[in-house]
Amino acid sequence: MASGWAREGAVQDQIDASVNDAVQYARSNLASGSSAELCEECDAAIPQARRLALPGVRYCVTCQQAIEGKSATAGAFNRRGSKDSQLR
């Protein structure tokens, strides 16, 4: 179903492009190579089990959780501007 002046399938093409961009972004942020023995943030020792499970790991669990918490709040989508939230 076309909407407005968009051609048939344009909405799905946009969705596919957004998903592909997100996958490429995630792949570019994957760690690779040899793991660090000490955390780059706090210099704590990184357990061998973590280094073996996650090749290329650079942070201890505590610092990694803090880093991921910061990036989660800086999302790429502004969900507050959606039409649904404006109707409430």
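The largest nonpolar core of this predicted model consists of six residues, namely A36, C39, I46, V57, C60 and C63. In soluble globular proteins, nonpolar side chains tend to be buried together. The protein chain has an average pLDDT of 80, and 75% of its residues score at least 70.

**Core and contacts**

**Confidence by element**
- Among the elements of the protein chain, helix α2 (residues 48-53) has the highest mean pLDDT, at 91, whereas helix α4 (residues 83-87) has the lowest, at 57.

**Salt bridges**
- Two salt bridges are found in a search of the whole structure, and, in general, side chains of opposite charge can pair when their charged atoms come close.
- One of them joins the side chains of R58 and E40, with an N to O distance of 3.6 Å, and this pair links distant parts of the chain, since R58 lies in the loop between α2 and α3 (61-73) and E40 in the loop between α1 and α2, 18 residues apart.
- R58 is partly exposed at 30% relative accessible area, and E40 is also partly exposed, at 49%.
- R7 and D13 meet through their side chains in a salt bridge of 2.2 Å, N to O; R7 counts as exposed because its relative accessibility is 53%, while D13, at 35%, is partly exposed.

**Surface patch**
- V11, I15, V19 and V23 make a nonpolar surface patch of about 300 Å².
- V23 is located in helix α1 (residues 10-28), and V23 is partly exposed, with a relative accessible area of 34%.

Terms used: Residues are numbered from 1 along each chain as its sequence is written. Side-chain values use heavy atoms; hydrogens and water are left out. Patches are made of residues with over 30% relative accessible area and no salt bridge: like charges are joined within 9 Å, nonpolar side chains (Val, Leu, Ile, Met, Phe, Trp, Tyr) within 5 Å. Accessible areas come from the Shrake-Rupley method with a 1.4 Å probe; for residues, only the protein chains shown count as cover. A salt bridge is a side-chain nitrogen of Lys or Arg within 4 Å of a carboxyl oxygen of Asp or Glu. Helices (H or I, at least four residues) and strands (E, at least two) are DSSP runs, numbered from the N terminus. Buried means under 20% relative accessible area, exposed over 50%, partly exposed in between (1.4 Å probe, protein chains only). A nonpolar core is a set of buried Ala, Val, Leu, Ile, Met, Phe, Trp, Tyr and Cys residues joined through side-chain atoms within 4.5 Å. pLDDT is the predictor's confidence in each residue, from 0 to 100.
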